[in-house]
Amino acid sequence: MDLAAAFAQQFPLSSEYFALELVAETGDAHSGDGWGGVRELEGHLVATLRLIIWEDRDGARSICEVKEQQVVVVFQANTADARLPVYFEGWAAAVRYLFARLDERRGTDDELARLMPHELASPDVLELRRPQTADDFTDALLSSKKRLGRLLP
């Protein structure tokens, strides 16, 4: 299974005021250093994610914040988990739901502008045995205050 491709097909994730994008892989031709994309790093599946937060100024939408981070998507111990495709699907659904709920709070909570890409990743949910479907993973991610549920209003 190509984990990078399975993860990449979930993007972009967006709502009216939030967008999460997978940063395309780029490289420096001189040094060979690369950035972005999805790759294996120290055995973990790592992705460079860009979080864009929009604001409404006098009826016009403009960018408020743009943040990029490398984020662990899957821990090394879980890279062979057969549930990964449904986990990615469930995670994407959970982020879309979270963004829709955060849209409702926009303008009333300055803390949302401090949201970082790593806060949207919860690879530890794969340690749970119960989730088997995308819906199971969505529920597990949103119902726990240790995971995405902590960001819900």
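Predicted model: local features only at pLDDT ≥ 70, side-chain atom pairs only at ≥ 80, totals over all residues.
Local features require pLDDT of at least 70 and side-chain atom pairs count only at pLDDT 80 or more, whereas totals for chains, interfaces and linings use all residues. Residues are numbered from 1 along each chain as its sequence is written, and side-chain values use heavy atoms, with hydrogens and water left out.

The count comes to 6 salt bridges, each defined as a side-chain nitrogen of Lys or Arg within 4 Å of a carboxyl oxygen of Asp or Glu. In the pair E55 and R57, the closest N and O atoms are 2.6 Å apart. E55 is buried at 17% relative accessibility and R57 is exposed at 54% (buried, under 20% relative accessible area; exposed, over 50%; partly exposed, in between; 1.4 Å probe, protein chains only).

R101 and E104 pair at a closest N and O separation of 3.5 Å. Both lie in helix 2 (residues 84-105), 3 residues apart, about one turn of the helix (helices are DSSP runs of H or I, at least four residues, numbered from the N terminus). D124 forms a salt bridge with R147 at 3.4 Å between the closest N and O atoms. This pair links distant parts of the chain, 23 residues apart: D124 in the loop between helix 2 and helix 3, R147 in the segment after helix 3. R147 is buried, at 7%. A network of salt bridges links E21, R50 and E68.

E89, D135, D136 and D139 form a negative surface patch (residues with over 30% relative accessible area and no salt bridge, like charges joined within 9 Å). Helix 3 (residues 134-143) gives the most to the patch, with 3 residues.

Terms used
Patch = residues over 30% accessible without salt bridge, like charges linked within 9 Å, V, L, I, M, F, W, Y side chains within 5 Å. Areas by Shrake-Rupley, 256 points an atom, 1.4 Å probe, with all protein chains shown as cover. Lys, Arg positive; Asp, Glu negative; His and termini not counted. Charge placed at Lys NZ, Arg CZ, Asp CG, Glu CD. Helix = DSSP H or I, 4+ residues; strand = E, 2+ residues; numbered from the N terminus.
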